[in-house]
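Biologist: I have a model open and I want to learn how to read it. Can we go through it feature by feature?

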Amino acid sequence: MKKLFIAALFLFSSKEIFAQKQAQKKDWISLFNGKDLSGWDIKISGHEVNDNYKNTFLVEDGMMRVNYKEYKNFDDKYGHIYYKTPYSHYRIKFEYRFQGNQVPGGESWNVRNSGIMLHSQSAASNGIDQDFPVSLEMQLLGGLGNGPRHTGNLCTPGTIVDINGRLDMAHCIDSKSKTYDGDQWVKAEAIVIGSKIVHHLIEGDTVLTFTNARIGGGFLGKPYDYATDNVKNGEEWAKKDGTPLGEGYIALQAESHAIDFRNIELLNLKGCMDKKALNFKSYYLEPDNTTCKYKKK
């Protein structure tokens with residue numbers, strides 16, 4: 001009897017340990033399959049959704065590439081490629097590197113300049129001639145070989161945030177990252193907790209933190225309002241001034257300088273937080289118990 005009790009206790013403990021390990025296991029998902037652009041929508045200024053003008057976005061050697069080989073001139077063809085699923089609470093990590101020279105016709109401030117848009121509007125909701133989506137841009141900058149140039153900055157098309165607890169109306173806010181010259185791969189990550197707080201990390205170091213993300217700021221700031229940048233339903237966006245921005249799409253940017261992306265992975269931090277459920281994860285930070293799955297009785 002004693003042996004049976006010990007065996008039962010061991011079995012119960014093993015199940016508990018296994019359940020805890022399952023709960024702790026972080027289920028990162030790959031947003032990019034390394035083979036094609038499945039799951040992504042393209043929007044380039046002046047073109048309809050999924051018109052991949054001059055193969056601006058393509059896949060080569062397991063990388064998602066912003067490519068200007070077929071361009072003679074940039075012609076303000078600002079573009080973004082949007083992942084199909086919106087998220088609110090998550091971590092996203094990826095690697096990027098700039099390549100070659102800027103395409104002729106790009107703005108001087110766009111040399112070795114790109115970004116990843118967080119809490120973005122969808123590709124389909126953009127205006128035909130809209131250059132940038134309403135979003136929080138984690139700006140990616142490459143060094144120019146002539147001094148400091150930070151990366152992991154924040155730019156705010158149609159959005160405003162607080163820095164150190166105070167509203168900062170600057171369109172772009174500098175991080176405290178190192179400068180990365182040359183064509184080296186750089187590891188980046190964003191930790192996004194709804195509208196409450198966002199952290200930008202470069203090579204594992206937190207380089208910028210902001211809070212209270214919301215719609216506002218007149219799009220790109222005076223005189224660049226919603227109408228100037230051809231934002232679809234700009235009047236409706238303007239009415240949302242001060243509204244918390246706590247979810248949206250993820251988009252990678254094409255801004256006139258070739259850039260490669262790889263190892264694009266996301267960890268969803270919103271999900272089932274009922275410990276009795278089969279898909280409970282202890283690392284979730286926001287409950288969505290509508291997703292809970294239970295063992296059939």
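**Strands, space and core**

Modeller: S10 and strand S15 (residues 205–215) run antiparallel and are joined by 3 bridges. Thr159 sits opposite Ile215 in S15. Keep in mind that this is a predicted model.

Biologist: What holds strands of a sheet together in general?

Modeller: Strands pair through backbone hydrogen bonds, in a parallel or an antiparallel sense. In this model S10 has another antiparallel partner, strand S11 (residues 166–168), with 3 bridges between them. Ile163 has Arg166 as its bridge partner in S11.

Biologist: How many residues lie between S10 and S11 in their hairpin?

Modeller: The hairpin has 2 residues between the strands. Asn164 is in the turn, with a positive phi of about 55°.

Biologist: Is strand S10 mostly covered or uncovered?

Modeller: Covered. In S10 (residues 159–163), 5 of 5 residues are buried. Thr159, Val161 and Ile163 point one way, while Ile160 and Asp162 point the other way. Both sets are buried.

Biologist: Now a whole sheet. What is the strand order in the open sheet of 7 strands?

Modeller: The order is S2-S5-S16-S7-S8-S9-S12, and the pairing is antiparallel. Strand S2 (40–44) and strand S12 (172–173) each have a single partner strand, so one side of each has no neighbour in the sheet.

Biologist: How do I find empty space inside a model?

Modeller: Roll a probe the size of a water molecule over the atoms, and you see where empty space is left. Here the count is 1 cavity of 30 Å³ or more. The largest cavity has a volume of about 40 Å³.

Biologist: Which residues line the largest cavity?

Modeller: The lining is Tyr96, Arg97, Phe98, Arg112, Gly142, Tyr180, Gly182, Gln184 and Val186. By type, 4 are nonpolar, 3 polar and 2 charged. Strand S6 (residues 89–98) gives the most to this lining, with 3 residues.

Biologist: And the nonpolar core: which residues have the most contacts inside the largest one?

Modeller: Ile92, Tyr96, Leu118, Phe261 and Ile264, in a core of 57 residues. Another core, of 5 residues, lies apart from it; Leu267, Leu269, Tyr283 and Tyr284 are among them. Take Leu118 as a case. Leaving out residues up to four places away in sequence, Leu118 touches Tyr90, Ile92, Ser135, Leu136, Ala190, Val192, Val198, His200 and Tyr249.

Biologist: Now step back. How many helices and strands are in the protein chain?

Modeller: The chain has 2 helices and 19 strands. Of its 297 residues, 46% are buried. Now take contacts with a separation of 6 or more: 68% of them join residues 24 or more positions apart. The C-alpha atoms fill a box of roughly 85 × 45 × 40 Å along the principal axes.

Notes. Residues numbered from 1 in each chain as written. Predicted model: local features only at pLDDT ≥ 70, side-chain atom pairs only at ≥ 80, totals over all residues. Heavy atoms only, no water. 1 Å grid on protein atoms, 1.4 Å probe; cavity = no way out; pocket = protein on both sides within 12 Å on 5 of 7 lines; lining within 4 Å. Points joined across faces, edges and corners; volume = space filled by probe spheres on them. Helix = DSSP H or I, 4+ residues; strand = E, 2+ residues; numbered from the N terminus. Nonpolar A, V, L, I, M, F, W, Y, C, P; charged D, E, K, R; others polar. Core = buried A, V, L, I, M, F, W, Y, C linked by side-chain atoms within 4.5 Å. Buried < 20%, exposed > 50% of the residue type's maximum accessible area, 1.4 Å probe, protein only. Contact = heavy atoms within 4.5 Å. Pairing = 2+ DSSP bridges.
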